[in-house]
Amino acid sequence: RCKNLSVSFWNSYWMLPSDVCGMNCFWEAAIRYDYMKIHPSETMHLAVVACGERLEETVTMLRSAIIFSMKPLQFHIFAEDQLHERFKAILDDLPYEGKVNYTLYPITFPTESAAEWKKLFKPCASQRLFLPLILKNVDSLLYVDTDILFLRPVDDIWSFLGKFNSTQIAAMAPEHEEPRIGWYNRFARHPYYGVTGVNSGVMLMNMTRIRRKYFKNDMTPVRLQWGEILMPLLKKYKLNITWGDQDLLNIMFFHNPESLYVFPCQWNYRPDHCIYGSNCKEAEEEGIFILHGNRGVYHDDKQPTFRAVYEAIRNYSLGDDLVHSLLQPLELELQKTMHTYCGRVYKVFIKQLTKSIRDLYTRRSKG
């Protein structure tokens, strides 16, 4: 149903037409109808693993995914048993507008080696390695760490699945853009992907392909499937790995480089991209798409720029005006961080966020 819409925003950048009815509205509706017939609204599956004190951080991440996404979302939340009721109470109270479902799962590892997997790197971190084996009916999945914030629709990273070639089964971003500060190329005692390794905090997976693939490895001339290769890799490299399951993924894709799609750094933007000077050129040009506050920077004073974004999204009430309740207060806080290297490029933290908000209001104005 068409209506007269008049939307006033912060400045002329936000102005939308005051009248979207008549033939224009008719043709826009017709175009959307034809598009939906060709591109049905598939559900996007997003997984996260939460243990210890990560509940608030996880909920903030999920809320950031809800704000801008267009297609329906299915959250797969793996958490310690004592967190389930708290997750349920919070998630059941969020205004989903009918586009979000969630399922809570216990933390589970293979019985014969559960103790080893639990103590690898951080509690529960290696759970992500077993998602293709646990979620057997899920074709594709976006896994993210709890300290992720989406600054544009999940739909956009989900669309990378359509860019995979016939051999690619997963997508990740490089661990570093600048080799001079890279960890893997300077310190790793095991094989790793590419020049600087890859970071597994944001990992897009075609899980059907993962389950079917036979992986080359340095343990046997016989190729092994996903469920067969994990434990042998851990046994061989457990004394040489520092970052746990991420190191195992690097080893795996070192031997199977054709299987990985690498997306640019603005899809997994971390403090290392700005603390020694800006080194993510794509973010400078287009802004940050996904913010990754690793090393606890959302909760201390070491990187106030990252903390400001986290607190702005955590404190935002879903449904409130995004410009006046999120964007404007955030920019004021970011301007206070200009004494830091990341603060000097604070505009990359709101460049894409500004566009995402504008695009959201444009979509709403069109019905």
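Q: Are Cys265 and Cys280 buried or exposed?
A: The model is predicted: local features need pLDDT of at least 70 and side-chain atom pairs count only at pLDDT 80 or more, whereas totals for chains, interfaces and linings use all residues. Residues are numbered from 1 along each chain as its sequence is written, and side-chain values use heavy atoms, with hydrogens and water left out. Relative accessible area under 20% counts as buried, over 50% as exposed and in between as partly exposed (1.4 Å probe, protein chains only). By this criterion, both Cys265 and Cys280 are buried.

Q: How many disulfides does a search of the whole structure find?
A: A disulfide is taken as a pair of cysteine sulfur atoms within 2.5 Å. For the whole structure, the number of disulfides found is three.

Q: In which loop does Cys280 lie?
A: Helices (H or I, at least four residues) and strands (E, at least two) are DSSP runs, numbered from the N terminus. The link of Cys265 and Cys280 is right-handed, with 95 degrees about the S-S bond. Its two cysteines are 15 residues apart, and both Cys265 and Cys280 lie in the loop between β8 and α11 (281-286).

Q: Which residue is joined to Cys51 by a disulfide?
A: Cys51 lies in the loop between β1 and α2, and its partner in the loop between α4 (114-118) and α5 (131-134), 73 residues away. The link is left-handed, at -95 degrees about the S-S bond. With an S to S distance of 1.9 Å, the partner is Cys124.

Q: Why is the disulfide of Cys274 and Cys342 said to tie together separate parts of the sequence, and how many residues apart are they?
A: The sulfur atoms of Cys274 and Cys342 are 2.0 Å apart, and the torsion of about 85 degrees about the S-S bond makes this disulfide right-handed. Because Cys274 lies in the loop between β8 and α11 and Cys342 in helix α14 (residues 341-344), the pair ties together parts whose separation in sequence is 68 residues.

Q: What is the order of the seven strands in the open sheet?
A: Two strands pair if DSSP finds at least two bridges between them. The pairing in this sheet is mixed, and the order of the seven strands is β3-β2-β1-β4-β7-β6-β8. The edge strands, each pairing on one side only, are β3 (100-105) and β8 (260-262). To restate the order, it is β3-β2-β1-β4-β7-β6-β8.

Q: Which residue of β8 stands opposite Ala170?
A: Strand β6 (residues 170-174) and β8 pair over three bridges, in the parallel sense. Opposite Ala170, the residue in β8 is Leu260.

Q: At roughly what angle do the axes of α2 and α3 cross?
A: Axes are lines fitted to C-alpha atoms, for helices over the stretch in contact, and angles run from 0 to 180 degrees between N-to-C directions. The axes of helix α2 (residues 55-68) and helix α3 (residues 84-91) come within 11 Å, and their crossing angle is roughly 35 degrees.

Q: Which residues of α3 make the contact with α2?
A: Contact means heavy atoms within 4.5 Å. From α2, the contact involves Leu55, Thr58, Val59 and Leu62; from α3, the residues are Arg86, Phe87, Ile90 and Leu91.
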